[in-house]
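Mentor: Please examine the structure shown below.

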Amino acid sequence: MSSGSKNEVRLSGLAISPGVVLGKVCMFKQNKHNALPTYKVSGKGVDREKDRLNKAREIVIERLNSLQDTVTDRIGQAEAGIFVAQKMMLQDPAMRQEIDAAIDQGANAERAVTEILDAYESQLAQLDDEYIKERASDLGELKRRLLDVLCDTSPSFQCSVDSHCARGHHRIVITEELTPSIAMEVESDDLLGFVTERGGETSHAAILARAMGIPAVSGISDIVNQISCGMEVMLNGCTGEVVIRPSDETKAANADKIAKRQPLEAVAPVKQLTVMANISTAAEAKLAHDMLAEGIGLYRTEFEFFASGGKLLTEQQQYQSYRNAALAVKGAPIYFRMLDIGADKPLEELDLPVEDNPALGYRGARLLLGMPDLMRPQARALARVSTEMPVWVMYPMITGLAQFRLMKQTFAEMTADIPVGKIYHGAMFEVPSACMEAEKLLEEADFASIGSNDLIQYFFAVDRNNSIVSGDHHPDYDVFWGLLEKLSLAANLAGKPLSICGELASDVQYTDKLIASGIRTVSISPRRIPDIRNAATETKNQQFATTTNEIKKG
Ligand code: PEP
Ligand code: MG
């Protein structure tokens, strides 16, 4: 740490999403409401508490309405349904009566809400019905929202000065770790940037920030304790520098870089490289289409679950999202990557075991095979879409041919009793053992995609999420490019499409090298498509491989 002027503090972190921004900060921290005010009420105090509660209900309803609108726009009506359910619970007459009765007996509003909603929640949680259990966690969420208003704490954002709290609107969000759920909760189109304590360049936080086109820096330890809401900060997502309270000289020196976000301009497809898009929600399919993506080469379906507050989505909800995405790209292929949950993408509602080494534990295809109740609704939702258009299903973290076969067979068993149209089954190359038997795997798979984020992690034993070792998480080793050549050769021999959907594909410094290794299809964040197409047209490799992006017939 060094000081550039009396008050200015310069910190150095990891550049994870490019761009330079200056703005006030919003501290993001979930309010757990551990220290609630408790006092006895009587006489006029009873009416006052009921009045406070009614006002709090109105504010919560307004917030739920606005969340419902944003989630409907950004993700879909099905996912917005949880907010409708929460509104109905809030208006439930029996529950209202019970809370009122607790206040009549002397409890203040915060206590009454906690007592009654906790009682309901634990009763529901004990019942052996998944749907009802889901409602139990909605009650927990509802309680938090009511207490946020009653205790006058800004929802989810810890904010020392109320007037500064803007839930990310025109703010730089500071958080210990940017989880997928937090990124989804920050519902702001004009969010300026992210600074986090943890997270490597290919962490899901970084991928999300880049997908949203938001500058970000990670790896600034203890930042949450060095800064408070409303402070001014400048962050440079290209160098990793974060300046707290930048001086006028620092601002002036960076004025030309602190530019407004560049409007995106699509670049037409080029013959050198097929460029597909990576998306995380159905709503992003439209941006991919607008950027003239030649299909979706990776749909990280687990993000739809995070977007709906970490809840499990039903078969019907998934069907609607997948169908919407397919309609948005108007017939172009979509590689639906089946739920890749576990490790750095835990799903709250699943209550997964605590593991010593989660990256090598219960995740990806292994977790899907172990949790048929999780896989079944997704398999059936995808099968239903396939009755209207071809569907590409891609299995995550495949360890080899045997596991790929098992996934395919399990998918078939789970959908055996419903009509199924054309489905192509693909594997991700993310685990070295699967790459070792690439030839056999590609004989059976209809297509494959290289997940280089995890492949680098497991090939070189270097954690993709750990900013301490992030200097070693890169593809600049001959042995790695040799591996990519082997995969591309195997795909050519089998006549199967092979793409790469990890982050290295969106870095222009590797475009030429990828083409030289025989890889002719990349899948990247929609915002990166113009730069990568421009880079591909400058390639020195004019001998284009025979791999096509069409599934081999017959
Ligand atoms: C990868 O590992 O490269 C990949 C594309 O999957 P994810 O980043 O979602 O783990
Ligand atoms: Mg992966």
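Trainee: Is M397 buried or exposed, and what is its relative accessible area?
Mentor: Buried means under 20% relative accessible area, exposed over 50%, and partly exposed in between (1.4 Å probe, protein chains only). M397 counts as buried because its relative accessible area is 8%.

Trainee: What kind of model is this?
Mentor: Residues are numbered from 1 along each chain as its sequence is written, chains are lettered from A and ligands numbered from 1 in the order in which they are written, and side-chain values use heavy atoms, with hydrogens and water left out. Local features need pLDDT of at least 70, side-chain atom pairs count only at pLDDT 80 or more, and totals for chains, interfaces and linings use all residues, for the model is predicted.

Trainee: Where does M397 lie, and what is its phi?
Mentor: Helices (H or I, at least four residues) and strands (E, at least two) are DSSP runs, numbered from the N terminus. M397 lies in the loop between β13 (391-395) and α14 (401-414). Most residues other than glycine have a negative phi. M397 is not a glycine, yet its phi is positive, at about 55°.

Trainee: What is the phi of D222, and how accessible is D222?
Mentor: D222 is found in the loop between β7 (216-218) and β8 (232-236). Although D222 is not a glycine, its phi is positive, at about 60°. D222 is partly exposed, because its relative accessible area is 38%.

Trainee: Which residues are the protein donors of the magnesium ion (ligand 2)?
Mentor: Donors are N, O and S atoms within 2.8 Å of the metal (3.2 Å for Na, K and Ca), and sites may look incomplete, as water is not among the atoms. Lying 2.0 Å from the magnesium ion, the protein donors are E430 (OE) and D454 (OD).

Trainee: How many residues apart in sequence are the parts tied together by E430 and D454?
Mentor: E430 is buried at a relative accessible area of 2%, and D454 counts as buried at 2% relative accessibility. E430 lies in the loop between β14 (423-429) and α15 (432-436), whereas D454 lies in helix α17 (residues 452-459), so the parts tied together are separated in sequence by 24 residues.

Trainee: Which atom of ligand 1 approaches E430, G451 and S452?
Mentor: A residue is near a molecule if one of its heavy atoms lies within 4 Å of it; 16 residues surround ligand 1, with R300, R337, G451, N453 and R464 the closest. A polar contact is a pair of N or O atoms within 3.5 Å; within protein, one must be able to donate a hydrogen and the other to accept it, and residues adjacent in sequence count only if both atoms are side-chain atoms. The separation is 2.9 Å for a side-chain N or O atom of E430, 3.3 Å for a backbone N or O atom of G451 and 3.1 Å for a backbone N or O atom of S452. In each case the ligand 1 atom is an oxygen atom.

Trainee: How far does helix α11 reach from its first C-alpha to its last?
Mentor: The expected span of a helix is 1.5 Å times one less than its number of residues. Helix α11 (residues 315-328) has 14 residues, and its reach is close to the expected 20 Å, at 20 Å.

Trainee: Which residue with a positive phi follows α11?
Mentor: The buried residues of α11 include Y319, Y322 and A325. With a phi near 50°, the residue that follows α11 is K330.

Trainee: How many aromatic pairs are there, and which kind do Y322 and F336 form?
Mentor: Rings of Phe, Tyr and Trp (its six-membered ring) pair if their centres lie within 6.5 Å; planes under 30 degrees apart count as stacked, over 60 as edge-to-face and the rest as tilted. The count comes to twelve aromatic pairs. The ring centres of Y322 and F336 are 5.3 Å apart and their planes stand at 55°, so this pair is tilted.

Trainee: Which residue in strand β12 (residues 334-337) pairs with Y322?
Mentor: Y322 lies in helix α11, and its partner is 14 residues away, so that distant parts of the chain are linked. Y322 counts as buried at 1% relative accessibility.

Trainee: Which charged residue sits over the ring of Y319?
Mentor: A charge sits over a ring if NZ of Lys or CZ of Arg is within 6 Å of the ring centre and within 35 degrees of the ring normal. Here the charged end lies 4.2 Å from the ring centre of Y319, and it belongs to R384.
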